[in-house]
Amino acid sequence: MAADLAAYSRLMAADEEGVVSRLRAIWSEVVKPMVRQSGGRVVKTMGDGFLAEFQSPVEAVRTALAIQEAMENRDTDRPVQERLHFRIGMHVGDVVVLDNDILGDAVNVAARLEAIAPVGGICLSRAARDQVKGRIDVELNSIGEVSVKNIPDPIEAWVTGEDPSGILLASAKLPAIVVMPFEEIGSEDEFFADGVVDEITSALSSVGDISVIARQSAFSFKGRIVEVRKVGRELGARYVVTGAIRRSGTRVRISVQLNSAITGANLWSQRYDDELEDLFDLQDKIASHVAGAISPSIRASEIAAARAVAPMERKAYELYMSAFPHFWAHRREENDRAIDLLTSAINRDPDDFRAQALRAWAYAQQATYMWSETPLTSRENAQSDAEAAVLSAGEHAPSLVAIAAALSMTGLEHERAGVLLERALVLDPNSAWGWMRMGWNQIYHMRDIQDGLAAFDKAEALSPLDPFLFNIQFGRAYAKGLLGEYDEAIKLVKLGLTAGPGVTWAYRDLASFCANAGRREEADEAVEALMHSYPGLTIKRVVNSMPPATHARHQAFLEGLRRAGVPEGQ
């Protein structure tokens with residue numbers, strides 16, 4: 001039996017001394033006596049969890065159920081978010097005894113099953129389930145075969161505690177990818193190819209939503225012709241990167257492909273031609289381009305897989321992935337749909353900080369783009385989600401970007417947002433969204449406008465077909481407007497509107513810039529389009545909706561709207 005406290009990081013951040021004290025009481029009052037009464041032994045406690053062994057699988061499961069019932073009845077006077085709940089994993093197998101500890105595959109399997117157990121529930125392997133079937137009075141729900149970290153073969157698992165459709169499987173949390181050894185043609189040595197593979201592996205390891213299989217595991221396939229689906233099965237990978245390098249004199253050509261290990265289909269491919277002047281610089285450059293291109297390709301594949309699942313059967317991860325197309329569509333109804341899906345994901349898994357971080361950004365969009373009749377409430381929702389998610393985001397770069405976006409769009413904490421973005425870009429230097437938000441944050445903060453423009457250039461270079469490309473153009477336009485270069489700002493807003501023709505909120509930017517540039521006729525046309533989409537719009541509503549920097553630091557923008565004819569309001 002392997003058990004772990006759910007939401008440990010969040011609980012400790014809120015009340016470290018209190019949680020430690022309550023856990024000590026649980027060890028002495030609940031776990032140890034119950035295990036001992038069932039003829040078992042608590043091998044060790046580990047701060048937020050424990051490991052126990054039993055002679056009888058039936059007694060072990062009965063004990064697990066009793067522990068979970070006891071935990072459910074504790075602290076009932078506390079708010080739900082402050083109560084302590086375990087996840088428990090159970091497996092039957094041989095162990096190696098070392099002093100007072102136990103080791104071996106059986107222990108590892110139990111620990112991996114604990115990670116995918118429902119909060120307050122139990123996850124059993126087939127070996128454990130077969131031993132207790134028909135001998136305990138509890139319903140066991142099959143969740144099929146799951147691939148878990150560092151266990152070569154999938155495990156058939158059953159759960160108690162909730163309907164299996166509500167479980168966030170560990171196998172679904174992070175899609176695994178492996179970079180295979182590249183074939184090198186035209187050279188007796190292979191150090192350059194190995195270096196390229198190492199750099200690509202390292203770059204992908206920085207991407208928060210991808211689990212990268214160790215280079216050593218991939219190296220075992222070197223020199224072998226193996227079908228990608230077989231590689232996926234053997235290494236537990238959903239995606240396989242393959243490639244070849246051809247060298248001729250000082251010229252080098254690198255071909256890279258991303259393949260689905262499930263279907264064998266090619267998802268993305270690219271060819272790079274360059275000179276072998278600086279090997280390390282070339283390796284870095286290729287790795288950056290490949291990681292920047294592969295990450296969105298995997299996201300697109302994961303979204304397609306999630307949307308293929310019936311809505312009522314989607315797990316938290318699938319709901320999170322399903323929200324992305326709605327989130328980046330930049331339409332009021334689509335953004336609302338993204339919030340609904342992310343809320344469902346959080347309801348399925350209250351510890352899913354990724355969904356909460358993205359929802360914070362979606363709420364910030366709801367306010368900023370004037371999609372809410374109560375923009376101040378949307379702003380408060382964004383900040384509340386951001387503050388909750390930041391406690392658990394750790395080193396998950398995409399969530400740090402989303403949190404920083406929410407904070408910078410709804411408040412004046414641009415220093416803090418900048419720190420989060422810098423941390424995200426250290427973790428994942430190839431995050432196009434990270435560079436885009438860095439550009440906007442620099443502009444809101446009125447730091448170095450040129451640095452903001454450079455960040456937008458970096459974002460577009462990393463993802464030239466990004467769904468946020470129009471927002472990069474708007475960011476450049478806003479920067480040019482702050483510099484007083486209104487004609488260039490107008491040109492860039494129009495480019496953005498071409499890239500995102502339904503993004504009607506941008507007409508407020510166009511109206512302000514045209515009015516400030518003295519282009520009266522164009523300002524009138526922009527205001528007419530703006531008022532058509534937002535009837536009754538006033539300066540007061542703009543102030544309540546847009547990032548506070550627009551009225552705290554960028555008065556010229558609001559003055560432009562006044563010149564364009566937007567009424568003041570009450």
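Is C123 buried or exposed in this model? At 0% relative accessibility, C123 counts as buried, a term that means under 20% relative accessible area, with exposed meaning over 50% and partly exposed in between (1.4 Å probe, protein chains only). The structure is a predicted model, in which local features need pLDDT of at least 70 and side-chain atom pairs count only at pLDDT 80 or more, while totals for chains, interfaces and linings use all residues. Residues are numbered from 1 along each chain as its sequence is written, and side-chain values use heavy atoms, with hydrogens and water left out.

The search of the whole structure finds zero disulfides, a disulfide being a pair of cysteine sulfur atoms within 2.5 Å.

Aromatic rings come next. A pair of such rings is described by the distance of the centres and the angle of the planes. Rings of Phe, Tyr and Trp (its six-membered ring) pair if their centres lie within 6.5 Å; planes under 30 degrees apart count as stacked, over 60 as edge-to-face and the rest as tilted. Across the whole structure, 24 aromatic pairs are found. In one of them, the ring centres of F324 and W433 are 6.1 Å apart and the planes stand at 40°, so this pair is tilted. It links distant parts of the chain, since F324 belongs to helix α10 (residues 316-327) and W433 to helix α16 (residues 432-445), 109 residues apart. Here helices (H or I, at least four residues) and strands (E, at least two) are DSSP runs, numbered from the N terminus. F324 is buried at a relative accessible area of 5%, and W433 is buried at 10%.

For F327 and F468, the centres are 5.9 Å apart and the planes are at 65°, so the pair is edge-to-face. This pair too links distant parts of the chain: F327 is in helix α10, and F468 is in the loop between α17 (449-462) and α18 (469-482), 141 residues apart. Both residues, F327 and F468, are buried. One aromatic cluster includes F324, F327, W433 and F468, along with Y320, W361 and F474 among others.

Nonpolar side chains tend to be buried together in soluble globular proteins. A nonpolar core is a set of buried Ala, Val, Leu, Ile, Met, Phe, Trp, Tyr and Cys residues joined through side-chain atoms within 4.5 Å. The largest one has 94 residues, and W361, F474, W505 and F513 have the most contacts inside it. Helix α14 (residues 397-410) supplies the largest share of this core, 10 residues. A second, separate core of 32 residues includes V30, L84, L124 and A128.

Backbone angles give the last part of the picture. Most residues other than glycine have a negative phi, and most peptide bonds are trans. D99, although not a glycine, has a positive phi of about 55°. D99 lies in the loop between β5 (96-98) and β6 (101-103) and is exposed, with a relative accessible area of 72%. M370 is another residue other than glycine with a positive phi, near 60°. M370 is found in the loop between α12 (353-368) and α13 (375-390), and it counts as buried at 1% relative accessibility.
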